[in-house]
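Dear colleague,

Please find the structure below, together with its sequence.

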Amino acid sequence: MNDKTFPLLAVTGLGRGENPQPGFAVAASLLRNWPMAHIAGLAYDALESGIYATDCFDAVFTIPYPSVGTQIMLERIDEIRSKFPFTVLIPTLDAELELFISLRKELNDRGIQVMLPDSDALKARRKSNLPTLAAAAKVKVPCTYIANSAYEAAEYCAIIGSAVMVKGPFYEARRAESPFIASVHASRILAEWGGPIIVQEIITGTEFDLLGLGDGTGRMLGSCSIRKMVVSSQGKGYAGITVHDKNLLSVCESLLKELKWKGPLEFEFIRDKDGEFYLIEINPRFPAWVDFPAQLGCNLAQAAVENLLGWESKMLCDIPAGKIFLRHSVDMICDVEEFAALTAEGSIVRTYTDLV
Amino acid sequence: MNRQLISNFAVSPNGLGFRSDTGEVYRLNPSACEILRLISDGKDDVYISQYLSEKYAQLLPRMRNDLSSFFEHLENLRLITPHE
């Protein structure tokens, strides 16, 4: 397969700033295995830094925020495909998944394969539904309450009786030492992200993540487990070390089996002093560190595309324990013309024009 | 008494201990390395204390006492387990 016959790919989530999005790392992983691939970046904002990585995206297009609804998004996708007829779409942001799931049929009708889980599975792993899922999979979760107002968040904090995490439905997690602080955080999150608010007991311990790839039948096609070594103020892993823990893998396999998940997902756990794993979150997409295992020979983005397209996938290799990643920020340089083109025309087309 | 290192714990020749299930890394001084190597070779407490007492010219009771504290520390870290 050469660069003219290889399917054109599109990826969302190009920001690599303080809260890095996974799209750039997904594209980097795909190019690692398929250097001939052409990838379009789909950006919500002209300031997503990955847009300006000229060695990654052949073209970049702006797309409307998911809140605009299905029709406007579909029209924009049609416009984009008139310039870059991609046939594989990899959404990487939590907040856009429901919209793309509701567009799955329309996208499939256009010949676009989309990497998405089943709608029921997406709902089952919501923060507000985690206790139910965890019970079904016999996995421990911290004591969790669902609040629909700042007042309720304060009440639940008082019931838990210690410091709590106050979390938004998609993003944001803030520590609250008292019911009053819990209500302040809840008000802020409700204003920004909407509800419900999750009020969760804090488990003291070490954070572990497992990036897994499900085949849709309950089987794990590949995985990489890490212990977070550096955590940012927003709870993002800025450094991690690969680990091999049979218990962690077994817990994640139980959850994946219960969900019958198709595609990538990231399990987040706290391991307490007794070695018990508590499920904190399940992110329904690749994490921002997905290119780390790819650099060690376990390319889960590649395997996900192969699975999506029904291609034969190579067995994913076992990553050795003790490999470390450290997030490293660089300053992207771009010309104002590119920035203006994206802002005014909604597109930057770089190296793909000869293929149209 | 015999002890054994947990299966997930490895010690490199340059004094780095790594626990592969938790990702925890330990920097070991030469005597700690030596003790862990002796445990790994299946030597019991009596042998280890006698060996170190001769090697470092320390009285045997004191060496036993120091070793006992060190084993307790390793057990608290869950890096060794008793092996009868």
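A residue counts as buried if 20 or more other C-beta atoms lie within 10 Å of its own, as exposed if 12 or fewer do, and as partly exposed in between, with C-beta atoms placed from the backbone. The model is a predicted one: local features need pLDDT of at least 70 and side-chain atom pairs count only at pLDDT 80 or more, whereas totals for chains, interfaces and linings use all residues. Residues are numbered from 1 along each chain as its sequence is written, and chains are lettered from A and ligands numbered from 1 in the order in which they are written.

Overall form of chain A

Chain A contains 12 helices and 16 strands; helices (H or I, at least four residues) and strands (E, at least two) are DSSP runs, numbered from the N terminus. Its radius of gyration is 20 Å, close to the 21 Å that the globule rule gives for 356 residues, so chain A is as compact as a globular protein of that length. That radius is taken over C-alpha atoms, and the rule is 2.2 Å times the number of residues to the power 0.38. Along the principal axes, the C-alpha atoms of chain A fill a box of roughly 65 × 40 × 40 Å. Of the 356 residues, 44% count as buried.

Nonpolar cores

A nonpolar core is a set of buried Ala, Val, Leu, Ile, Met, Phe, Trp, Tyr and Cys residues joined through C-beta atoms within 7 Å. The largest has 85 residues, and Leu9(A) and Ala40(A) have the most contacts inside it. Apart from it lies another core, of 18 residues, including Ala154(A) and Tyr156(A).

Ala154(A) and Tyr156(A) are among the buried residues of α7(A) (residues 150-160), as are Ala150(A), Ala153(A), Cys157(A) and Ile160(A). After α7(A) comes Gly161(A), with a positive phi near 80°.

In α3(A) (residues 94-102), the buried residues are Glu96(A), Leu97(A) and Phe100(A). Seen down the axis, they fall within an arc of 120°, so they line one face of the helix. They pack against β1 (9-12), α4 (104-109), β5 (113-114) and α5 (119-124) of chain A.

Cys224(A) lies in strand β11 (residues 220-231) of chain A. Why does Cys224(A) count as buried? Cys224(A) has 26 other C-beta atoms within 10 Å. Leaving aside residues up to four places away in sequence, Cys224(A) touches Leu211(A), Thr242(A), Pro293(A), Cys298(A) and Ile319(A); two residues are in contact if their C-beta atoms, placed from the backbone, lie within 7 Å.

Strand β14(A) (residues 277-283) has 6 of its 7 residues buried, so it is largely enclosed by the rest of the structure. β13(A) (residues 262-271) and β14(A) pair in the antiparallel sense over 6 bridges, where pairing requires that DSSP find at least two bridges between two strands. Phe277(A) in β14(A) is the bridge partner of Arg271(A). Their hairpin has 5 residues between the strands, and Gly275(A) in it takes a positive phi near 85°.

Contact with chain B

Chain A brings 7 residues into contact with 5 residues of chain B.

With kind regards

Conventions: Arc of directions from axis to C-beta.
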